[in-house]
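Please read the following account with the sequence and the model side by side. It goes through ion pairs, helices and single residues in turn.

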Amino acid sequence: MTAAVPPPVLALLLGALLGLCGLPLPWSVLSVFPLAGLLAHAASARSREGVAGRLFWAGAGYFAVHLWWLTDFLGKIFQFPPAGVLAFALFALEGLFLLAMAYPLTRLVRSPQARVWALAGGWVVLEWTRFLGPLAFPWPTLGYSLLPTPAIQIADLGGVLLGSVLVALSAAALAGLVLGGRGRGRPLIVAALCWAAALAYGLTRTAGEGPVQPVRVLRTSFDSFGRAVGSLSPGEQLQAQLEASAGRQPDEILVWSETALTAPMTDRVLAQFPGPGISGLGTPFGARPQRNSVVSLDAAGRIISRQEKGKLVPFGEYFIFYNGPLRPVYAVIENALNFTLPSFVPASSVQPLRLNGVQYGAYICYDSVFPWVARSLTRQGARLLVNPSNDGWYSGWGVQQHFMMGRVRAIENRRWLVRSVNRGVAGAVNDLGQPVSVVSSGETTQALSVRPKLLTGRTLFNRVGDWPALLLSILMIGYGVRVDRRERS
């Protein structure tokens, strides 16, 4: 007789399996099944503490697999590969968030069947909170797992979180089937009908029509750390980008990547930018204050409009409590590494860039995983989304995940997206989120001419945001309360 797997170990394995069914893997839509097993396993614990504990271990396993590339990223940042172990603190923290979500919900409902629904709704609400606050990190959101299917098109109705609702609803229905109980077939029918509706909706979406704006984007191959510390000079970067941009056609606007230009720039240097176009503009490493901007420039290299990065990377571009209670800790790190940790100034609000009478929704790198940034720019009249980025800090899954999540911004707002990037995926994505022309590899700077369309109009998501998804999540929690009362009656 074989020994049973300890519940925490099983929870950890189910969480890891969920991570192995996420982006960028082509079978990510199968995330429904490990999530169903995870919900059933957690809900069947004998105590509230058991439920919360199992979700902690599942969350730690899920984030560890999905975000394993962070270990390499941290090793590069600190120039010390063992520093990658710091990522385990994030994996544990995300597990604690799931624990904190589960504990009050299990006080609200007691039966395993009811817990499944409450936890499914709570999971989506927790995902929504990951878009908020100074430590916001919404990277692993369930809705992105729909990207390989037409069902992802429902994002224009309720954003990526509406996709999360569909995944969580389906997983809860399957988990209820595993656990047994009265009326377990009806939720499966509802989930099947929701999938049919989502797929039908997605299959009937067609690309929008509008005037073509030719664009030339770059994919550079600079060493990100070398750029940051100055071992790769701004002049060397500028020359490589100028050479790649030399084939720009007269009707094309040029888009360069994040921090492709480095301030302070003299008028003479800016005049070399072969505009009109849009470029990232950064400040030298160690400057105070540091800024990460995107600007539009005319044919003479004059800056027409400017936008700061809307959402800074936690512990990358800003450090919480840097001038507060954690200052001694940061001082030790700075002394050990012999450099000052960066402290960027974020945008107080985001606005489209103006160029040749057109408004462009330009946002920088990490901004692309926050739906509110592209939504706000589109609400203000942006007709094309532009994402200068730098994916050279990390490799593996992280690069592909970043690009794939950015594709959903195009769907949510029904706008084309163009992307100029350092060591990532550059090119164009249409308003259905489909890559039209991209380049994703190479050790030399490359240029790509794309022909996105300038679109107008507003989607339901653009008008109301995440409210449909949040209301449905609360309804799932409410359904759990109803099931609990029914089973206790």
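Asp 156 and Arg 414 form a salt bridge, with 3.1 Å between the closest N and O atoms; a salt bridge here is a side-chain nitrogen of Lys or Arg within 4 Å of a carboxyl oxygen of Asp or Glu. Asp 156 belongs to helix H7 and Arg 414 to the loop between H14 and strand S10 (417–422), so the pair ties together parts that are 258 residues apart in sequence. Helices (H or I, at least four residues) and strands (E, at least two) are DSSP runs, numbered from the N terminus.

The model is predicted: local features need pLDDT of at least 70, side-chain atom pairs count only at pLDDT 80 or more, and totals for chains, interfaces and linings use all residues. Residues are numbered from 1 along each chain as its sequence is written, and side-chain values use heavy atoms, with hydrogens and water left out.

Asp 156 is buried, with a relative accessible area of 7%, and Arg 414 is buried at 12%. Buried means under 20% relative accessible area, exposed over 50%, and partly exposed in between (1.4 Å probe, protein chains only).

The structure holds 8 salt bridges. Another of them joins Glu 209 to Lys 453, with the closest N and O atoms 3.2 Å apart. This pair also links distant parts of the chain: Glu 209 is in the loop between H8 and strand S1 (215–220), and Lys 453 is in the loop between strand S13 (446–450) and helix H15 (460–464), 244 residues apart. Glu 209 counts as exposed, at 66% relative accessibility.

A further salt bridge connects the side chains of Arg 409 and Glu 412, at 2.8 Å from N to O. These two residues are 3 apart in helix H14, and are therefore separated by about one helical turn. Arg 409 and Glu 412 are both buried.

H14 is followed by Arg 414, whose phi is positive, near 50°.

Arg 415 is also in the loop between H14 and S10. Arg 415 counts as buried, at 3% relative accessibility. Leaving aside residues up to four places away in sequence, its contacts include Thr 378, Arg 383, Ala 410, Asn 430, Asp 431 and Leu 455, where contact means heavy atoms within 4.5 Å. Arg 415 and Pro 134 are 281 residues apart in sequence and 28 Å apart in space, C-alpha to C-alpha.

Helix H8 (residues 185–203) has 19 residues and spans 27 Å from first to last C-alpha, close to the 27 Å expected. Its buried residues are Pro 187, Ala 191, Trp 195, Ala 198, Tyr 201 and Gly 202. They cover an arc of only 130° around the axis, which puts them on the same side of H8; the arc is that of the directions from the helix axis to the C-beta atoms. The buried residues pack against helix H2 (32–43), helix H6 (112–129), helix H7 (155–179) and helix H16 (467–488). The face turned away from the buried side carries the exposed residues Arg 186, Ile 189, Leu 193 and Leu 203. The C-alpha atoms of Ala 192 and Ala 173, 19 residues apart along the chain, are separated by 9.7 Å.

Two more residues differ in cover. Gln 241, in helix H10 (residues 234–245), counts as buried at 1% relative accessibility. Not counting residues up to four places away in sequence, Gln 241 touches Leu 218, Thr 220, Phe 222, Trp 256, Ser 257 and Ala 260. Val 85, in the loop between helix H4 (69–77) and helix H5 (87–108), counts as exposed at 52% relative accessibility.

Definitions and conventions: Expected span 1.5 Å × (residues − 1).
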